[in-house]
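Please load the structure in a viewer and keep the sequence panel open. The stops below are arranged as a series of selections.

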Amino acid sequence: MATEQEPMTPPEQPGETPSPSQAPEADEQTAALDEMRDHWRRALADLDNLRKRHAKELERVRAEERARTAGAWLPVLDNLERALAHSDSDPSAVLKGVEAVRDQAVEVLRGLGYPRYEETGVPFDPTRHEVVGVVDTPDAEPNTVAQVVSPGYGADGKQLRPAFVVVSKRQE
């Protein structure tokens, strides 16, 4: 990087006194250099303070998000405890209660940005599905989801878990 600089003066020899024209110029350069060093040190300190503030803010946001997520699950936990308290009741009523709690849990996940998907007959998509089996199904299109073993959760590139599926293979 080429910059224009003033011509450098030869170093002083011992015993020589600088001429009056050289001393003020050297003092100005030293003062400018000292000022630049001061600015540099302040910038480093500001950067360090910014890093510390950012780390504290990030931890605060994480704690708030953990609390928000845990709070969303509390009603599900309450309803599971209610279902367990009625375990000696009519089994069909307990089953309906557990299904309602499952639906509530699915809704909590949807509210957190991870909707449930478990459709069959759709083309296999490796970004949304994980193959756990292949089946020869004459009435299904090749490379389509024939059965969902476990539903997937997520959408728009935010995948919590892919759906575990059985895929139809090409008939020969």
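How many residues does helix α2 have, and how far does it reach from its first C-alpha to its last? Select residues 91–111: helix α2 has 21 residues and reaches 30 Å between those two atoms, close to the 30 Å expected at 1.5 Å a residue. The expected span is 1.5 Å times one less than the number of residues.

Some conventions apply throughout. This is a predicted model, in which local features need pLDDT of at least 70 and side-chain atom pairs count only at pLDDT 80 or more, while totals for chains, interfaces and linings use all residues. Residues are numbered from 1 along each chain as its sequence is written, and side-chain values use heavy atoms, with hydrogens and water left out. Helices (H or I, at least four residues) and strands (E, at least two) are DSSP runs, numbered from the N terminus.

**Overview.** Colour by secondary structure: the protein has two helices and six strands, in the order α-α-β-β-β-β-β-β from the N terminus. Of its 172 residues, 15% are buried; buried means under 20% relative accessible area, exposed over 50%, and partly exposed in between (1.4 Å probe, protein chains only).

**Helix α2.** Next, select Val101, Ala105, Val106, Val108 and Leu109, which are buried in α2. They lie on the same side of the helix because they cover an arc of only 155° around the axis, taken from the directions from the axis to the C-beta atoms. The face turned away from that buried side carries the exposed residues Lys96 and Gly111. Just after α2, Gly113 takes a positive phi of about 100°.

**Nonpolar core.** Select Tyr117, Val145, Val148, Ala163, Val165 and Val167, the six residues of the largest nonpolar core. Such a core is a set of buried Ala, Val, Leu, Ile, Met, Phe, Trp, Tyr and Cys residues joined through side-chain atoms within 4.5 Å. Strands β3 (145–150) and β6 (163–168) each supply at least two residues of this core, and β6 gives the most, with three.

**Two loops.** Which loop holds Asn143? Asn143 is in the loop between β2 (129–135) and β3; although not a glycine, Asn143 has a positive phi of about 65°. Asn143 is partly exposed, with a relative accessible area of 46%. Move on to Asp156, in the loop between β4 (152–155) and β5 (158–161). Its phi is near 55°, a positive value in a residue other than glycine, and Asp156 is exposed at 81% relative accessible area.
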